[in-house]
Structure formats: structure tokens, C-alpha cells
Amino acid sequence: MLRNRSHKELINLSRQLIQPLLPHFHKGQAGRVTVIGGNEDYTGAPFFASHSAAIVGADLSHVICEKLAAPIIKSYSPDLMIHPYLFDLDNPAIELNKSDIEQFKSAQLKDVIVENNKLDIIIDEIILPKVSQLLSRTDIVVVGPGFGRDPLMLKSLVRIIEEIKVLNKSIILDADSLYLISIHPEVIQNYTKAIITPNVVEFDRIAKELGMEPSINESNLDTLISRTQEMSKNLGNIIVIRKGKSEIIANSERYLVNDFPGSSKRVGGQGDSLTGAIATFVNWSNNYNEELWDVSSSGDKKIPLNESNLLACYAASTLVRCAGGKAFRKYGRAMQTSNLHEFLGESFNELFEDAKPNM
């Protein structure tokens, strides 16, 4: 259904996935998104991801973050729900002695992650009980924005991802979770509800671990598409979104290329905004396929799940590019990611809502 479609046709098709605002829906049915990330040093990334998910249309947007980051993220907006359930090695609440902390910090990160050690007790007794309760009430999970590379944080992330897989939830991996994949790809391999969003550097880091040829200096689009599909195949047919001048959105069998014009200014946080938008759209795509509303009323042929989630990612990518372009035209070189968020609603209406009446 997606093959050889123009950009305009893909956007028109993606309007089928937009969840309508029906009077009988209750709070949460349009999306309960949880972003897992944020530490004392990096608080903006999880905010932008969760705020983007909410602005695009998710009903509920949560952030699970490191305990010391919570007051900072909470101060950005009262609209988001912030949960200080994570800890890094230096947090005094976990009561590790100094020698243990130094040992974990000096060890190979992969060894700390995969081997049984004292950190498992902390994760089992302090972290997972609270995180698991929230995950059970979540539709889709974003992991990685502002997560950092602290050994306890990343070991916690491995265990959290395993819990997400047991719960059979969709998961989007970005930022520092992609570093985790580059040293431990098994954590997400063969989980087809996973989506990864590497930039060119992150893509090559993962490709190297998978034994693939590098592509960081590659400019041939056909080659980049082939490499992206190869990565998807090597990871078990998950969706890979290779960010760059054009977004390549692919699984091992299908692909879309998005070259819709966006912002000429590249600034930290835009990728996080994309991740949040993807979360809302993919959740709507899942709801569409579960027929949470009467999808037959439009008279259109139903889009199968193996294509609808690719299309959802394409729609989210277009939305963020459109908002970024508008922000750049207004602010120029002074543009920041918060300016992009100003235009998400306007861009959404232009692309989707004006042609999609509530049912």
C-alpha cells in the first residue's frame, strides 16, 4: 500500500491513523506515553520528548527520571507527570560504599550490565517495583533521552526494557539507549515492537557492533536505504529510523524516505521532540489496528499493521520537520527547540486535522 506513493499521498493516507476525539472516549485512550530518561545533568531531553507527545495529542505524558532530576523537570511544566524512580551510582539513597562505586565505574560497562552483582539487588528492591507499576498502565514507552551512561542507570534500563517486552508494549529507543544497543544489541534483538532512531553517528556505532559496513560518509541514498534495512534485519525486523538530511524509515522489507523541508538550524532537543511525536502517532496506529474507533466509516481500505507503524513514523517525522521549518522562518539562527514546540499544533492542523473531521 505504501510503495511508490508520493509525499502528498502518504500524508493523505496517514490521516486514517489520526485518532478522532470522540465523546465516549475516557482520559488515556488517546495515549498514555511514558518517557524514561533524564539525570541531574540532562533534564531538557526527557521534557522535550514528553512535551512533544502531549502537544501532538497524547492524553497523558509521564517521565520516569533520576531522583535528582525530578524537581528540575517538574519545574518546566505542570502538564507532565514526573516520577523520580531512577538512581545513579552517586545518589546517596542507594547506600553503596565508595569502593563499590569506584569498582563499578572502572569496570567495562557491558560487564556491569550483563553480570549479576550488587546493583541487581538495588534494581529489584528499589527501582523496578515502582517502575513496573507505571509501565503496566502505559501504552507506549520512550527510553533514552537524557539518560546518561552511568552503570546503574544503564543496568536499570536493561531490566526495564526486559519488563517492557514481558508486558508486550511498544518501545522507542533514542539517545543513550542507542549507546546501550551498540554494546549490548541483544537487549532489543527480535522484539518487533521496537523502534530505534539513530542519527548518523549512532547508526554507525550500532552497525559496527553488528558487523556491518560503515555508512557515516555515504551519500548514495540507495546504499543508505539498503544499510538501514540491513540493520533492521540484523536486529530482528524492528523499525529503524535513520535520521539525517532525509529520514529513512525502514524495516527489513519496506521503507519510506522523508525529505520534507524542515529547519536549517540544528539544535539539541529536536530529536527528542521527534521521538515524542513518534510515540503518539505509533500509539494511534496501534489503536487504529485494534479498531478502538470505527475505522471503516471513512470507506478507505484498512492499512495493515506492518505498514501503518511505518506510516505513523513518517507522519511524525513530517510534523516535526514542518514545525521546525516554521520556527526557523520566524527565529532564524536564534531558533531553539522550544520554538519548534510553538508550531507543533499549527503544523498538525495544516497536515492532518483540517481534512480529518471528528467522527
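Which residues does UniProt list for "binding site"? I looked this up in the unreviewed entry and found G146, N199, V200, V201, E202, F203, D204, R205 and D272. UniProt positions follow the numbering used here, feature names are shortened, and annotations may be inferred rather than shown by experiment.

A note on the model: it is predicted, so local features need pLDDT of at least 70 and side-chain atom pairs pLDDT 80 or more, while totals for chains, interfaces and linings use all residues. Residues are numbered from 1 along each chain as its sequence is written, and side-chain values use heavy atoms, leaving out hydrogens and water.

Next I checked two of the listed residues. V201 sits in helix α9, residues 200–209 (helices are DSSP runs of H or I, at least four residues, and strands are runs of E, at least two, numbered from the N terminus). V201 is partly exposed because its relative accessibility is 43%, whereas E202 is buried at 13% (buried is under 20% relative accessible area, exposed over 50%, partly exposed in between, with a 1.4 Å probe and protein chains only). Beyond four places in sequence, E202 contacts A175, L178 and T197 (contact means heavy atoms within 4.5 Å).

Then I turned to S52 in helix α2, residues 44–56. S52 is buried, with a relative accessible area of 0%. Setting aside residues up to four places away, I found S52 touching S273, G276, A277, H341 and L344.

Last, the strands: three bridges join β7 (239–242) to β8 (247–250), and the two run antiparallel. I241 has I249 in β8 as its bridge partner.

Notes: Two strands pair if DSSP finds at least two bridges between them.
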